[in-house]
Amino acid sequence: MTTILDICTLDELPPGGKRLVEWEDLEIGVFNCAGEIFAIEDRCSHDDGTLADGELDEAACTVECPRHGSLFDLRTGKPLTLPAYVPVETFPVLVEDGLIKLEVD
Ligand code: FES
């Protein structure tokens, strides 16, 4: 069953901003990449690095895993560089009335 999570207002997550959301046993990183909001599982597929702690590149829309440096595409969850090679999960984002929401299963 799909659940909609209220995250925060758009003002609270400006461009370049990121935040960590916990839901059940999931941790999800939410990123504002030059005005677009993306959400990916906050666990690197290589060795569980915390992606929300990584460096966000707004122009490329990527985040760099702080542990061993794999770059992940925030749009798709796919790693663009090694050592990670398995995608991480992405979550649909809704923005309604200035409020950021996530769809989780
Ligand atoms: S834990 Fe992310 S690249 Fe190794």
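Entry 1. The model I am reading is a predicted one. Strand β2 covers residues 18–23 and runs antiparallel to β3, with six bridges joining the two.

Entry 2. I next followed β3 to its other partner. Strand β4, residues 36–41, is antiparallel to β3 and is joined to it by six bridges. I noted two pairs of facing residues. Phe31 has Phe38 of β4 as its bridge partner, and Ile28 stands opposite Glu41 in β4. This hairpin has two residues between its strands, and here Ala34 takes a positive phi near 55 degrees.

**Entry 3. The sheet.** I traced the strand order and recorded an open sheet of four strands, β2-β3-β4-β8, with antiparallel pairing. The edges are held by β2 and β8 (90–91); each has a single partner strand, so one side of each is left without a neighbour in the sheet.

**Entry 4. Burial of β3.** How much of strand β3 is buried? I counted residues 26–33 and found that six of the eight are buried, so the strand is largely enclosed by the rest of the structure. For the protein chain, I noted that 30% of the 105 residues count as buried.

**Entry 5. The core.** I looked up the largest nonpolar core, which has 21 residues. Those with the most contacts inside it are Val30, Phe31, Phe38, Ile40, Leu51, Phe72 and Leu74. Strands β3 and β4 each supply at least two residues of this core.

**Entry 6. Surroundings of Val30.** Which residues are in contact with Val30, leaving aside its neighbours within four places in sequence? I listed Ile7, Leu13, Lys18, Arg19, Val21, Ile37, Ala39 and Ile100.

**Entry 7. The chain overall.** I found ten strands and zero helices in the protein chain. The C-alpha atoms fill a box of roughly 40 × 30 × 20 Å along the principal axes. I compared the radius of gyration of the protein chain, 13 Å, with the value near 13 Å for a compact globule of 105 residues, and the two agree. Finally, I checked the contacts between residues at least 6 apart in sequence: 39% of them join residues at least 24 apart.

How values were computed. Residues are numbered from 1 along each chain as its sequence is written. This is a predicted model: local features need pLDDT of at least 70, side-chain atom pairs count only at pLDDT 80 or more; totals for chains, interfaces and linings use all residues. A residue is buried if 20 or more other C-beta atoms lie within 10 Å of its own, exposed if 12 or fewer, and partly exposed in between; C-beta atoms are placed from the backbone. Two strands pair if DSSP finds at least two bridges between them. A nonpolar core is a set of buried Ala, Val, Leu, Ile, Met, Phe, Trp, Tyr and Cys residues joined through C-beta atoms within 7 Å. Two residues are in contact if their C-beta atoms, placed from the backbone, lie within 7 Å. The radius of gyration is taken over C-alpha atoms; the globule rule is 2.2 Å times the number of residues to the power 0.38.
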